[in-house]
Amino acid sequence: MASFTHLVLFCTLLITTAIAETPSFRPKALLLPVTKDSSTKQYLTQINQRTPLVPVKLTIDLGGGFLWVDCEKGYVSSTYKPARCRSAQCNLAGSKSCGECFDGPKPGCNNNTCGLFPYNPFIRTSTSGELAQDIISIQSTNGSNPSKVVSIPNVIFTCGSTFLLEGLASGVTGIAGLGRKKIALPSQFAAAFSFKRKFALCLSSNGVVFFGDGPYIMLPNKDVSQNLIYTPLILNPVSTAGASFEGEPSADYFIGVKGIKINGKDVKLNTSLLSIAKDGTGGTKISTVQPYTSLETSIYKAVIGAFGKAVANVPRVNAVAPFELCFNSSSFGSTRVGPGVPQIDLVLPNNKLWTIFGANSMVQVSDNVLCLGFVDGGPLHFVDWGIPFTPTAIVIGGHQIEDNLLQFDLASSRLGFSSSLLFRQTTCSNFNFTSIA
């Protein structure tokens with residue numbers, strides 16, 4: 001696959017020709033390339049924003065409520081527009097704040113503007129930031145290849161502060177929020193071109209995000225949007241972000257996990273933790289921020305115990321933080337879907353199963369050591385300003401969803417998932433970025 005740098009150059013080259021060439025072109029879907037940063041395990045992408053266009057490197061947050069970028073350091077654009085108090089943009093964003101800024105006028109600091117709370121989930125820090133609009137250019141797609149670059153003139157975003165970049169991957173200047181909000185990127189892109197309010201995530205070392213409906217074609221000519229299993233998306237009525245307005249629901253994507261099976265056997269759990277409580281704690285969400293699936297402490301102990309029992313005859317090796325169960329790699333055979341270990345099933349409504357095979361359950365921590373890739377998330381805490389919190393019982397992390405296609409249907413409030421694409425002899429790295437439709 002092409003490197004992130006090559007993809008950036010490729011997309012930038014297309015921008016200079018395609019926008020002017022096709023002013024009335026209306027795409028059916030859009031596309032963002034994704035790479036995984038090896039040191040932080042963050043999933044990264046790039047948009048082109050501002051006038052003149054500037055490449056902006058972003059970390060993807062599936063549950064982020066909106067796009068935010070650092071406006072303090074070098075934000076220059078002739079098309080930047082602050083969102084004035086009580087404007088339609090403020091209303092769409094659900095902002096309940098209105099303020100003045102006496103160091104401006106400049107991007108991020110203008111009088112009579114509304115704001116939101118840009119949040120860095122890696123350091124669990126939030127601040128206030130000015131709501132604004134600016135132009136974005138993004139690649140369209142026919143599902144098989146990149147197509148023409150299109151321009152969206154008034155994309156709503158929030159200005160963040162430079163200190164909020166702490167803990168983000170090198171070169172990143174903001175976060176691309178894909179969450180359940182009207183101003184998150186999936187909803188804004190769908191509104192801009194009147195296509196279906198769907199987007200699909202296919203993560204790998206080099207993956208892709210599709211905005212719009214399928215097909216989603218991976219080499220060799222496999223439409224991975226076919227044969228998805230569907231389960232309802234659940235709205236958590238309490239925000240799970242670091243800061244929010246009173247009464248604001250969560251932007252995260254929750255699903256109704258009812259139980260866990262290992263090797264087909266039920267794991268004994270405190271199932272009350274799997275429901276969302278009145279204070280917003282509990283339940284199961286999907287995250288691109290959490291590198292490995294985290295489980296509330298009692299659930300974690302139950303899963304570790306059951307998995308250990310299922311492989312009782314396999315000798316263990318010393319634990320490698322943050323993992324507890326580790327083995328010599330040679331203890332397990334190899335299958336099409338990774339190491340030959342007991343499968344883990346998330347039990348969903350109507351007895352549907354999201355099956356996690358060895359490629360997604362195990363982590364190769366060294367040449368000869370494999371560890372079960374689940375971590376102890378600690379006990380549940382109530383969400384509070386400035387206090388570290390663990391509001392969710394199960395957070396399905398990045399490693400567990402790599403090489404799985406996840407389609408989020410916002411209009412129907414349902415998730416379609418493929419389980420491992422390795423079964424279909426393809427991966428999320430196999431989108432054909434190298435030729436143009």
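This is a predicted model: local features need pLDDT of at least 70, side-chain atom pairs count only at pLDDT 80 or more; totals for chains, interfaces and linings use all residues.

Trainee: Why is strand β13 called largely enclosed?

Mentor: Of the 5 residues of β13 (residues 198-202), 5 are buried, so the strand is largely enclosed by the rest of the structure. Lys198, Ala200 and Cys202 point one way, whereas Phe199 and Leu201 point the other way, and all are buried.

Trainee: Which strands pair with β13, and how many bridges are there?

Mentor: β13 pairs with β33 (residues 404-409) over 5 bridges and with β14 (residues 206-212) over 4 bridges, in the antiparallel sense in both cases. Cys202 stands opposite Leu405 in β33, and the bridge partner of Ala200 in β14 is Phe210. β13 and β14 form a hairpin, with 3 residues between them.

Trainee: Why is Asn404 called buried?

Mentor: Buried means under 20% relative accessible area. Asn404, which is found in strand β33, has a value of 2% and is therefore buried. Its contacts beyond four places in sequence include Leu201, Cys202 and Leu203, as well as Trp354 and Cys428.

Trainee: What makes the approach of Asn404 to Glu402 a polar contact?

Mentor: A polar atom of the Asn404 side chain lies 3.0 Å from the backbone oxygen of Glu402, and the limit for such a pair is 3.5 Å.

Trainee: How do you know that Gln400 is buried or exposed?

Mentor: Gln400 belongs to helix α6 (residues 398-401). Its relative accessibility is 1%, and the cut-off for buried is under 20%, so Gln400 counts as buried. The side chain of Gln400 reaches the backbone oxygen of Asn360 at 2.8 Å, and one of its polar atoms is 3.0 Å from the backbone oxygen of Gly373. Among the other residues that Gln400 touches are Tyr292, Thr293, Ile356 and Phe374.

Trainee: Why is helix α3 described as mostly covered?

Mentor: In α3 (residues 185-193), 7 of the 9 residues are buried. They are Leu185, Pro186, Ser187, Gln188, Phe189, Ala190 and Phe193. Their cover includes β1 (29-36), β10 (129-141), β11 (146-160), β12 (174-177), β13 and β14. Just after this helix, Ser194 takes a positive phi of about 55°.

Trainee: How confident is the predictor in the chain, and where does pLDDT stay under 50?

Mentor: The mean pLDDT is 92, and 92% of the residues reach 70 or more. Over residues 1-23, however, pLDDT stays under 50, and the model has 36 contacts beyond four places in sequence for that stretch.

Technical notes. Residues are numbered from 1 along each chain as its sequence is written. Side-chain values use heavy atoms; hydrogens and water are left out. Buried means under 20% relative accessible area, exposed over 50%, partly exposed in between (1.4 Å probe, protein chains only). Helices (H or I, at least four residues) and strands (E, at least two) are DSSP runs, numbered from the N terminus. Two strands pair if DSSP finds at least two bridges between them. A polar contact is a pair of N or O atoms within 3.5 Å; within protein, one must be able to donate a hydrogen and the other to accept it, and residues adjacent in sequence count only if both atoms are side-chain atoms. Contact means heavy atoms within 4.5 Å. pLDDT is the predictor's confidence in each residue, from 0 to 100.
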